[in-house]
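This briefing goes through selected features of a protein chain.

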Amino acid sequence: TLMNYDYFAAHMGVTPNTPNDWAADTMNKPANNPSKVFYYINPSGSEASVSTPWIVASGESYVVFVNGDLRIASNITVADGGFVAFIVNGSVRVSPAVTDIAGLYVVDSTLITESNGSTDVAANFQGSVVTWGGVNFGRDLVAGNLSQPGEKFTYRPDLLTNMPDAMKVFALKWEEVVPGTIGN
């Protein structure tokens, strides 16, 4: 099973008639609403954008469906006990000045980290990233490349613990077999 945008959209109830939760393509962090299962945006332009910092506090939870491309132009941080997931039906571009990107990311196309050239800073991902179309790492720390990576990924198991139940999928399949056929 390909666990991509279409898979999670069907699992969580996103339909073609789902209304946008943002009036424009810029996605400011909404007020925490524990009864809201997911947030949705179908950008009217070329991409949706996180252009102001998202600081997800302990106890806050956000699952965001982006029906198109996503630009991360500002830091996204998640405190212990918080949760954020971006499920993107397109590419994700991380702007050159962004240093912190936390959360779970499911990307149908490509994850791209953009470069400023000689003034690049490292991009620190905390969480998990699944890209079905590959990655294009563009950060170049010039002389700094010898001692640190341009892109760093740190696994955060607390995000899986804090994942909302509506997003969890049980993928185990039980199948009956003819007695005596196993182990021969």
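The notes below describe a predicted model and are grouped by topic.

The model contains 8 salt bridges in total. Strand β4 is largely enclosed by the rest of the structure.

- The side chains of Glu-114 and Arg-71 are joined by a polar contact of 2.7 Å.
- Leaving aside residues up to four places away in sequence, Glu-114 touches Arg-71, Arg-93, Val-94, Ser-95, Pro-96 and Arg-139.

**Arg-71 and Glu-47**

- Arg-71 also forms a salt bridge with Glu-47, in which the closest N and O atoms are 2.8 Å apart.
- This pair links distant parts of the chain, with Arg-71 in strand β5 (residues 69–72) and Glu-47 in strand β2 (residues 47–50), 24 residues apart.
- Arg-71 has a relative accessible area of 18% and is therefore buried.

**Other salt bridges**

- Asp-21 forms a salt bridge with Lys-36, and the closest N and O atoms of the pair are 3.1 Å apart.
- Asp-21 and Lys-36 both lie in the loop between α1 (5–12) and β1, 15 residues apart.
- Asp-21 is partly exposed at a relative accessible area of 33%, and Lys-36 is partly exposed at 29%.
- Asp-165 pairs with Lys-168 in a further salt bridge, where the closest N and O atoms are 3.5 Å apart.
- Asp-165 counts as exposed because its relative accessibility is 62%, and exposed means over 50%.
- Lys-168, at 37% relative accessibility, counts as partly exposed.

**Strand β4 and its partners**

- Strand β1 (residues 39–41) runs parallel to β4, and 3 bridges join the two.
- In the pairing of these strands, Ile-41 stands opposite Val-66 of β4.
- Strand β7 (residues 83–88) also runs parallel to β4, to which 6 bridges join it.
- Here Ser-61 stands opposite Phe-83 of β7.

Definitions and conventions
Residues are numbered from 1 along each chain as its sequence is written. This is a predicted model: local features need pLDDT of at least 70, side-chain atom pairs count only at pLDDT 80 or more; totals for chains, interfaces and linings use all residues. Side-chain values use heavy atoms; hydrogens and water are left out. A polar contact is a pair of N or O atoms within 3.5 Å; within protein, one must be able to donate a hydrogen and the other to accept it, and residues adjacent in sequence count only if both atoms are side-chain atoms. Contact means heavy atoms within 4.5 Å. Buried means under 20% relative accessible area, exposed over 50%, partly exposed in between (1.4 Å probe, protein chains only). Helices (H or I, at least four residues) and strands (E, at least two) are DSSP runs, numbered from the N terminus. Two strands pair if DSSP finds at least two bridges between them. A salt bridge is a side-chain nitrogen of Lys or Arg within 4 Å of a carboxyl oxygen of Asp or Glu.
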